[in-house]
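Student: Could you help me learn how to read a protein model, one feature at a time?
Tutor: Gladly, let's look together.

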Amino acid sequence: MADNNLTTASSVKEDAVSATRPSAHASEADATSTPAVKSGVKRPGDRIFEFLSTASATLITVMIAAIAAFLIWRAVPSLSVNEGGILGFFTYGDRWETNDTDAMKFGIPTMFGHTVLISIVALIIAMPVALGIAIFLSNYAPAKLVKPLGFLVDMLAAVPSIVYGLWGWQVLGPALSGFYTWLHSWAGGFFLFTVYDNSPNFATGRNVLTGGIVLAVMILPIIAATAREVFVQTPPGQIESALALGATRWEVIRMTVLPFGMSGYIAGSMLGLGRALGETMALYMVVSPLVDFRFSLFDGGTTFATAIALAAAEFGNEMRAGAYIAAGLMLFLLTFLVNAIARSIVKSK
């Protein structure tokens, strides 16, 4: 009897539970009767934002293409009358003769050499300093000092280039002249520190080395800010694991922070190099113009940007202006290539 009562109670409980559950047929009917929400529906705000972002990206692309087309359009006529044509443009390094527009002779090897040499000097000086700043701000600096010190470093990028030029010309160059004399006294036999008889830039300090130092200060905040932003993104789990294994602070940075942020550091350096390649006013004031390229840091120099600035008064003649626009085209391609390399490094990591 008790077993029958238990069986009856359990069957009643099961009936009650099953009554509260929707049947499979009812579920199918509800699913078919209820309209499904479309995931691809776009609201007016989404459409507007998508249009504006697409238009902005397209506009930037069109502007870059238009600049490149303009440079090519203005450079081709001058290249066509250049002695040696396009080949001479890449091989004539000791002359830039554009006074006679019917018999022009100009080339970019000298400008290319000075531009690359000054930029590399700036990069060699700025990269280790920027790395030290980024590591200090991301791992060693007290929390209260991180923002003020980071702000001061970032403010270096806000200083106008002409101010850097005045500082390098009036202060840094004369201050380093004694150091240059001492350096030349024991390293003058090395080609980078040779002083030639017709070089007036050694005593005044208006040379490639001074220009490289000024450029290093200018690109320092770009490299430091980029590296710092990547270093602080290091996964905390990796840092905590290294500390748990008994690693010191420096070992943690060397084994976790640096490997994780190396791509950002290199990309920031490439962006700084792109800035250095196109700098005009600072080098215009700091480095004395010189036609010859002799790999000496104590020589003057003429970069792509400073050559165009020096010849701005001659741009009334279209053919003469076209020769310098051809040089500007090479600078455009060079900076574009450097920035493309930086982007590829970031994406590959």
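Student: Which residues does the UniProt annotation "transmembrane region" cover?
Tutor: In the UniProt record, an unreviewed entry, that annotation covers residues 48-73, 116-137, 149-167, 179-196, 208-227, 252-274, 295-315 and 321-342. What you see is a predicted model, where local features need pLDDT of at least 70 and side-chain atom pairs count only at pLDDT 80 or more, while totals for chains, interfaces and linings use all residues. Residues are numbered from 1 along each chain as its sequence is written, and side-chain values use heavy atoms, with hydrogens and water left out.

Student: How much helix is there in residues 321-342?
Tutor: That span is 100% helix and 0% strand, and its end C-alpha atoms are 32 Å apart. Residues 149-167 are 74% helix and 0% strand, with end C-alpha atoms 22 Å apart. Helices (H or I, at least four residues) and strands (E, at least two) are DSSP runs, numbered from the N terminus. Overall, the protein has 13 helices and 2 strands.

Student: How do I describe two helices that pack together?
Tutor: Two packed helices are described by the angle between their axes and the distance between the axes. Axes are lines fitted to C-alpha atoms, for helices over the stretch in contact, and angles run from 0 to 180 degrees between N-to-C directions. Take helix 10 (residues 249-277) and helix 13: their axes are 8 Å apart, at an angle of about 170°. The two are therefore roughly antiparallel (under 35 degrees counts as roughly parallel, over 145 as roughly antiparallel, 65 to 115 as roughly perpendicular and the rest as oblique). By class, the contact of helix 10 with helix 13 has 13 nonpolar, 4 polar and no charged residues. Here Ala, Val, Leu, Ile, Met, Phe, Trp, Tyr, Cys and Pro count as nonpolar, Asp, Glu, Lys and Arg as charged, and the others, Gly among them, as polar.

Student: At what angle do helix 3 and helix 13 cross?
Tutor: The axes of helix 3 (residues 44-81) and helix 13 (residues 318-348) cross at roughly 135° and come within 7 Å, so these helices are oblique to each other. Their contact has 17 nonpolar, 3 polar and 2 charged residues.

Student: Is Leu331 buried or exposed?
Tutor: Leu331, which lies in helix 13, counts as buried because its relative accessibility is 12%. Buried means under 20% relative accessible area, exposed over 50%, partly exposed in between (1.4 Å probe, protein chains only). Not counting residues up to four places away in sequence, Leu331 touches Leu277, Gly278, Phe304 and Ala305, where contact means heavy atoms within 4.5 Å. Leu273 in helix 10 is also buried, at 14%. Its C-alpha atom is 6.4 Å from that of Ser119, although Leu273 and Ser119 are 154 residues apart along the chain. Across the protein, 39% of the 349 residues count as buried.

Student: What is the phi of Phe295?
Tutor: Most residues other than glycine have a negative phi. Phe295 has a positive value, near 60°. This residue sits in the loop between helix 11 (281-286) and helix 12 (304-310), and Phe295 is partly exposed, with a relative accessible area of 45%.

Conventions. UniProt positions are given in the numbering used here, feature names are shortened, and annotations may be inferred rather than shown by experiment.
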